[in-house]
Amino acid sequence: MTGGKAAREDQAGMNETMKLLAVYQAEQKLRGLQSRLGAAERFLSEQERQLGAIDQQTSSLESQLRQIQASTKENEDEMARIDERMTKLREEMNVARTNKEYQAFLVEVNALKIERGRVEEEVLKLIEQADAIKTEIDQSASTKDERVKVRDVAQQDRDTRHSEIKDRVKELETERDQLASAVNPKTLSELQRLLSERDEDAMAGVEIIDKRRHEISCASCMMTLPVELLSRLLSGTLTNCSNCGCFLYLDEDASAALQPTGSKR
Ligand SMILES: [Zn+2]
């Protein structure tokens with residue numbers, strides 16, 4: 001087929017599909033680049049999140065420790081007051097005038113000894129608790145050190161990937177926008193919708209099941225396509241898969257293989 005209105009229309013139609021395919025391919029390249037950056041970014045933010053959780057845990061442990069230390073101080077002060085009182089009582093016992101007076105002091109001293117023992121036990125318990133929390137704080141600190149190292153590597157990796165693809169992304173964006181400017185806006189927005197719903201399956205090639213009988217299928221959903229779609233595809237008219245809805249295209253080999261036998265001879 002050469003020249004003529006029909007041929008020009010065919011070519012215009014073919015261009016439309018090929019133009020759209022070019023936009024789609026540029027978009028795929030962009031998405032491929034950005035998805036690798038996206039993975040690095042997700043990994044980095046996961047590390048930041050874990051670091052935040054460790055900091056939160058550490059500050060809660062530190063506030064528990066402060067409370068325990070305050071209670072320890074209170075109990076130690078109480079012990080000091082008891083000791084002071086006992087010293088005073090013993091002095092008074094030494095100068096007691098009667099046995100009755102002496103016995104009264106002794107009763108009080110004995111009661112104070114019991115009280116002192118109780119407070120001392122409490123102090124020991126608190127010190128033990130404080131030690132356990134200090135150990136946990138130390139563990140938290142070393143977990144944090146490890147996590148910081150992982151985070152730093154993740155950050156470096158993200159930054160490296162970002163700078164690696166930055167220029168290429170800008171280039172591809174310009175290229176894609178340029179290619180897109182040649183395509184009907186309605187068709188473009190349809191492609192955008194398919195890309196957001198189906199990603200790489202927004203466009204698909206055609207697979208030949210039976211060349212002689214012109215049986216073809218969609219490379220995305222694998223469903224056999226109605227034979228009337230073939231002539232649209234061969235003419236380059238924008239065609240969607242009747243099953244999954246993606247834009248279909250014929251690559252050169254498929255196109256050559258499927259040309260009606262008459263036109264090849
Ligand atoms: Zn399909």
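1. Let's start with Asp 199. With 12 C-beta neighbours inside 10 Å, Asp 199 counts as exposed. The cut-offs go like this: a residue is buried if 20 or more other C-beta atoms lie within 10 Å of its own, exposed if 12 or fewer, and partly exposed in between, with the C-beta atoms placed from the backbone. You'll find Asp 199 in the loop between α3 and β1. Helices (H or I, at least four residues) and strands (E, at least two) are DSSP runs, numbered from the N terminus.

2. Before going on, a word on what you're looking at. This is a predicted model, where local features need pLDDT of at least 70 and side-chain atom pairs count only at pLDDT 80 or more, while totals for chains, interfaces and linings use all residues. Residues are numbered from 1 along each chain as its sequence is written.

3. Now the backbone at Asp 199. What is the phi of Asp 199, given that it is not a glycine? The value is positive, about 50°, and this residue comes just after α3. Most residues other than glycine have a negative phi. His 214 is another non-glycine with a positive phi, this time about 55°. His 214 sits in the loop between β1 and β2, and it counts as partly exposed because it has 16 C-beta neighbours inside 10 Å.

4. The protein chain averages 90, and 92% of the residues score at least 70. Take care with residues 1–14, though: pLDDT stays under 50 there, and the model has nine contacts beyond four places in sequence for this stretch. Two residues are in contact if their C-beta atoms, placed from the backbone, lie within 7 Å.

5. On to the overall layout. The protein chain has six helices and four strands, and from the N terminus on they run α-α-α-β-β-α-β-β-α-α. The domain assignment gives domain 1 (30–180) and domain 2 (184–264); such bounds come from an automatic or database domain assignment. The centres of domain 1 and domain 2, taken over C-alpha atoms, are 64 Å apart.

6. The C-alpha trace spans about 140 × 35 × 30 Å along its principal axes. The radius of gyration is 41 Å, whereas a compact globule of 265 residues would have one near 18 Å. That radius is taken over C-alpha atoms, and the globule rule is 2.2 Å times the number of residues to the power 0.38. Of the 265 residues, 12% count as buried. As for contacts with a separation of 6 or more, 70% of them join residues 24 or more positions apart.

7. Leu 112 lies in α2 and is partly exposed, because 16 other C-beta atoms are within 10 Å. Leaving out residues up to four places away in sequence, Leu 112 touches Ile 82, Arg 85 and Met 86. Leu 112 and Val 183 are 71 residues apart in sequence and 95 Å apart in space, C-alpha to C-alpha. From Ser 163 to Arg 198, 35 residues along the chain, the C-alpha separation is 29 Å.

8. Helix α3 (residues 185–198) has 14 residues and reaches 19 Å from its first C-alpha to its last, close to the 20 Å expected at 1.5 Å a residue. The expected span is 1.5 Å times one less than the number of residues in the helix.

9. Which residues have the most contacts inside the largest nonpolar core? They are Met 203, Cys 218, Cys 246, Phe 247 and Leu 248, in a core of 22 residues. Such a core is a set of buried Ala, Val, Leu, Ile, Met, Phe, Trp, Tyr and Cys residues joined through C-beta atoms within 7 Å. The elements giving two or more residues to this core include α1 (4–94), β1 (203–210) and β4 (247–249), and α1 gives the most, with four residues.

10. Finally, the stretch around Cys 246. Beyond its neighbours within four places in sequence, Cys 246 is in contact with residues including Leu 194, Met 203, Cys 218 and Cys 241. Gly 245 is in the loop between β3 (239–240) and β4, and it is partly exposed, with 17 other C-beta atoms within 10 Å. The C-alpha atoms of Gly 245 and Met 203 are separated by 9.0 Å, though 42 residues lie along the chain from one to the other.

Key: pLDDT is the predictor's confidence in each residue, from 0 to 100.
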